[in-house]
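I opened my notebook today to look through a structure step by step. Here is what I looked up, in the order I did it.

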Amino acid sequence: MGGLLRLAAVLTLLLLMASPAFAQGDLIIVDPEGYLDRSAIEDAARPLLNRGAQVAVYMVQSGGDDDFVNRLIDDGLARDRVTAQSNMIALYVALDDRFSSIRYGDGWNAALNTNNNVDQIRENDFNPGLGDNEFTTAYVNALEAIDAAIANPPQPGGGTVINVDPEGVRDNILFPVAAGGAALAAGTVGAVAYNRRRKTRAAFAAAEAQLKEAREGAATLITDLGQRFRSAEEKAKFDRVSYTAADVERLSKAQRTANTAFVEMQGGFKAAAEGLERYEHPAIEQIDQATAAYGEVQTSAQAVSEQLAAVETTRTELDALARQANEEIERAKKA
């Protein structure tokens with residue numbers, strides 16, 4: 001009996017010792033050129049794996065954000081650009097493109113999204129090593145910083161909140177790689193990264209301002225034209241009792257042409273809005289495309305306005321001729 005009890009105790013102990021493994025995550029390392037010390041990366045990732053994180057490390061020669069997203073999808077860590085496994089933590093570098101990126105799932109929002117802490121980690125822990133060509137050190141420092149943030153999440157409002165991510169990537173920035181192997185000081189790396197983010201923010205803000213101006217301008221023109229068309233339609237009700245059949249047909253044809261153009265213009269406005277709505281987090285390129293589309297709507301609105309003005313002018317001229325004819329009739333009667 002005592003032997004059975006001891007055996008049961010040993011099995012229980014083994015189960016307890018093994019149980020954390022069920023909560024552990026997986027580690028993916030993609031480094032086709034062999035830049036990284038895999039053992040060092042594995043050691044740095046282990047605390048995150050023990051927390052149940054799905055960790056992916058990509059070190060490729062060339063690529064970019066699209067390549068990063070496609071790799072995450074292929075590895076089952078993401079469904080699309082904005083939907084990822086909640087426990088995912090992924091680091092990516094495309095060396096030739098001087099591109100670095102960190103993506104994470106919603107499960108790590110408290111640690112990485114608060115005050116945009118991931119940006120601080122990328123700037124202070126990831127990019128300096130990349131700039132110095134110390135690639136393993138860069139990944140190790142970033143992984144350790146992420147684990148520290150999870151262990152002690154930042155307090156909301158405890159730092160500057162910076163969100164310059166028009167595509168919802170949360171994590172995209174260029175890193176400076178030392179040309180010819182020359183090392184760059186960490187302070188220089190941070191300054192360059194900051195200036196780039198500042199320029200990105202400024203460019204994105206300018207694009208949004210231009211979009212707002214173009215959209216509101218187009219909407220104002222549509223509203224104004226709508227009122228003018230309603231007024232023209234009311235006047236058209238009396239055309240048959242005011243003008244000749246030929247003049248009525250001429251007015252009706254011109255107004256139908258203007259109305260058709262107006263409907264097409266409204267369709268262009270709707271298409272511009274829907275085109276932008278396809279992107280949950282539109283990039284500057286998509287914003288610029290929508291701005292251009294609203295600009296085309298404004299150009300079309302000017303053409304429609306001129307067509308409608310021609311109808312209004314024709315009606316005014318016919319009214320003037322009618323008044324003149326009536327005045328001549330009155331003068332003839334008095335004579």
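**Entry 1**

I began with Tyr139 and listed its contacts, where contact means heavy atoms within 4.5 Å. Leaving out residues up to four places away in sequence, Tyr139 touches Leu36, Ile41, Val57, Tyr58, Met59, Leu91, Tyr92, Val93 and Phe126.

A note on the source: this is a predicted model, so I keep in mind that local features need pLDDT of at least 70 and side-chain atom pairs count only at pLDDT 80 or more, while totals for chains, interfaces and linings use all residues. Residues are numbered from 1 along each chain as its sequence is written, and side-chain values use heavy atoms, with hydrogens and water left out.

Next I asked which residues have the most contacts inside the largest nonpolar core. They are Leu91, Leu112, Phe126, Tyr139 and Ile146, in a core of 34 residues. I wrote down the meaning of the term: a nonpolar core is a set of buried Ala, Val, Leu, Ile, Met, Phe, Trp, Tyr and Cys residues joined through side-chain atoms within 4.5 Å. Buried means under 20% relative accessible area, exposed means over 50%, and partly exposed is in between (1.4 Å probe, protein chains only).

Then I checked which elements give two or more residues to this core: they are H2, S2, strand S3 (88-94), strand S4 (99-104), helix H4 (109-112), helix H5 (117-131) and helix H6 (135-151). The largest share, ten residues, comes from H6. For these labels, helices (H or I, at least four residues) and strands (E, at least two) are DSSP runs, numbered from the N terminus.

Apart from this core lies another one, of 22 residues, and Ala218, Ala261, Met265 and Leu308 are among them.

I looked at strand S1 (residues 27-30) and strand S2 (residues 54-60), which pair in the parallel sense over four bridges. Strands count as paired if DSSP finds at least two bridges between them. Val30 has Tyr58 in S2 as its bridge partner.

Which hand does the β-α-β crossover from S1 to S2 have? The chain passes through helix H2 (residues 38-50) on the way, and the crossover is left-handed. To judge this, I point the strands away from the viewer: a path from the first strand over the helix to the second that runs clockwise is right-handed.

**Entry 1: aromatic rings**

I found eight aromatic pairs in the structure. Rings of Phe, Tyr and Trp (its six-membered ring) pair if their centres lie within 6.5 Å; planes under 30 degrees apart count as stacked, over 60 as edge-to-face and the rest as tilted.

Why is the pair of Tyr58 and Phe68 called edge-to-face? The ring centres are 5.9 Å apart and the planes stand at 65°, so the pair gets that name. Tyr58 is in strand S2 and Phe68 is in helix H3 (residues 65-74), ten residues apart. Tyr58 is buried at 0% relative accessibility, and Phe68 is buried at 0% too.

The rings of Tyr92 and Phe99 have centres 5.9 Å apart and planes at 75°, so I noted this pair as edge-to-face. Tyr92 is buried with a relative accessible area of 0%, and Phe99 is buried with 8%. Tyr58, Phe68, Tyr92 and Phe99 form one aromatic cluster.

Beyond its neighbours within four places in sequence, Ser62 is in contact with Asp67, Tyr92, Ala94, Asp96 and Asp97. Ser62 and Asp97 are 35 residues apart in sequence, and 5.9 Å apart in space from C-alpha to C-alpha.

**Entry 2: Phe262**

I finished with Phe262, which lies in helix H9 (residues 245-277) and is buried, with a relative accessible area of 7%. Not counting residues up to four places away in sequence, Phe262 touches Ile222, Leu225, Gly226, Phe229 and Val304.
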